[in-house]
Amino acid sequence: SFAEMIREISRGSLTLVRQDLSRRTYFPRWDRPSAACLVPFEKSCSEVDAFCRALDFGPYLNPMGLPKILLGASYYGVTSHLVTPASPGSGREPGTILRASPDGLVVAVKDGTVAFRSIVELTGQPVEIPALLGRHNLQEGDWLHTPPAETARRVTEFHSEVARWEA
């Protein structure tokens with residue numbers, strides 16, 4: 001911790017460690033999460049939770065992007081979520097819609113579920129979850145697909161390129 005480092009400096013016992021430059025990484029400021037922040041259903045509950053929380057800037061301007069789900073060919077933002085781990089082997093295929101109600105859309109992830117409690121259009125307009133599923137002819141048991149790898153790559157590339165020109 002910082003306090004420990006200060007104590008070591010004051011005692012003259014600070015041990016310097018040379019950085020291994022072969023292990024360093026660099027992330028340009030315009031890099032963005034894959035496929036324009038599409039929620040990765042194939043990941044674990046803790047990874048999905050970390051992904052969504054990392055993109056939650058609360059009331060402040062979000063320079064990265066909202067976590068998103070893909071319904072048909074349309075992206076929707078997720079502004080509130082809750083993950084629930086399940087016992088191993090009890091889950092469904094990641095991306096399967098398990099429940100849908102006005103209170104949320106529950107989708108299977110690798111080792112549990114994620115409940116999207118608030119979903120918005122990309123304009124920020126809130127959407128009613130049952131109406132949203134009806135608009136896309138989706139129901140419980142259907143699967144929220146992820147784009148093909150080439151499409152995801154192109155969307156990621158485009159999202160990063162656009163980010164270079166955003167204020």
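Buried means under 20% relative accessible area, exposed means over 50%, and partly exposed lies in between (1.4 Å probe, protein chains only). Arg164 is partly exposed, with a relative accessible area of 39%.

This is a predicted model, in which local features need pLDDT of at least 70, side-chain atom pairs count only at pLDDT 80 or more, and totals for chains, interfaces and linings use all residues. Residues are numbered from 1 along each chain as its sequence is written, and side-chain values use heavy atoms, with hydrogens and water left out.

**Confidence**

The predictor's confidence in each residue is called pLDDT and runs from 0 to 100. The protein chain has a mean pLDDT of 89. In this chain, 96% of the residues reach 70 or more. Helices (H or I, at least four residues) and strands (E, at least two) are DSSP runs, numbered from the N terminus. Confidence is highest in helix H3 (residues 45-54), at a mean of 95, and lowest in helix H5 (residues 149-163), at 89. Where pLDDT is low, the predicted coordinates should not be read in detail.

**Salt bridges**

A salt bridge is a side-chain nitrogen of Lys or Arg within 4 Å of a carboxyl oxygen of Asp or Glu. The whole structure holds 5 salt bridges.

| Pair | N to O distance |
|---|---|
| Asp49 and Arg53 | 3.0 Å |
| Arg135 and Glu121 | 3.0 Å |
| Arg164 and Glu161 | 3.4 Å |

Glu161 is partly exposed, at 38% relative accessible area.

Asp49 and Arg53 both sit in helix H3. They are 4 residues apart, about one turn of the helix. Arg53 counts as exposed because its relative accessible area is 51%.

The salt bridge between Arg135 and Glu121 links distant parts of the chain. Arg135 is in helix H4 (residues 129-135). Glu121 is in the loop between strand E5 (112-120) and H4, and the two residues are 14 residues apart. Both are partly exposed: Arg135 has 47% relative accessibility, and Glu121 has 24%.

**Buried loop residues**

Ser44 lies in the loop between helix H2 (34-37) and H3. Its relative accessibility is 10%, so Ser44 counts as buried. The Ser44 side chain makes a polar contact with the side chain of Ser46, at 3.2 Å. A polar contact is a pair of N or O atoms within 3.5 Å; within protein, one must be able to donate a hydrogen and the other to accept it, and residues adjacent in sequence count only if both atoms are side-chain atoms. Not counting residues up to four places away in sequence, Ser44 touches Lys110 and Asp111. Contact means heavy atoms within 4.5 Å.

Thr96 lies in the loop between strand E2 (74-85) and strand E3 (97-101). Thr96 is buried, at 5% relative accessibility. Leaving aside neighbours within four places in sequence, its contacts include Val106, Val107 and Trp143.

**Exposed residues**

Asp103 is in the loop between E3 and strand E4 (104-109). Asp103 is exposed, with 65% relative accessible area. The C-alpha atoms of Asp103 and His145 are 22 Å apart, and the two residues are separated by 42 residues along the chain.

Phe2 is in helix H1 (residues 2-11). It counts as exposed because its relative accessibility is 61%. Phe2, Met5, Ile6, Ile9, Leu14 and Leu16 form a nonpolar surface patch, with about 620 Å² of accessible area together. Patches are made of residues with over 30% relative accessible area and no salt bridge; like charges are joined within 9 Å, and nonpolar side chains (Val, Leu, Ile, Met, Phe, Trp, Tyr) within 5 Å. Accessible areas come from the Shrake-Rupley method with a 1.4 Å probe; for residues, only the protein chains shown count as cover.
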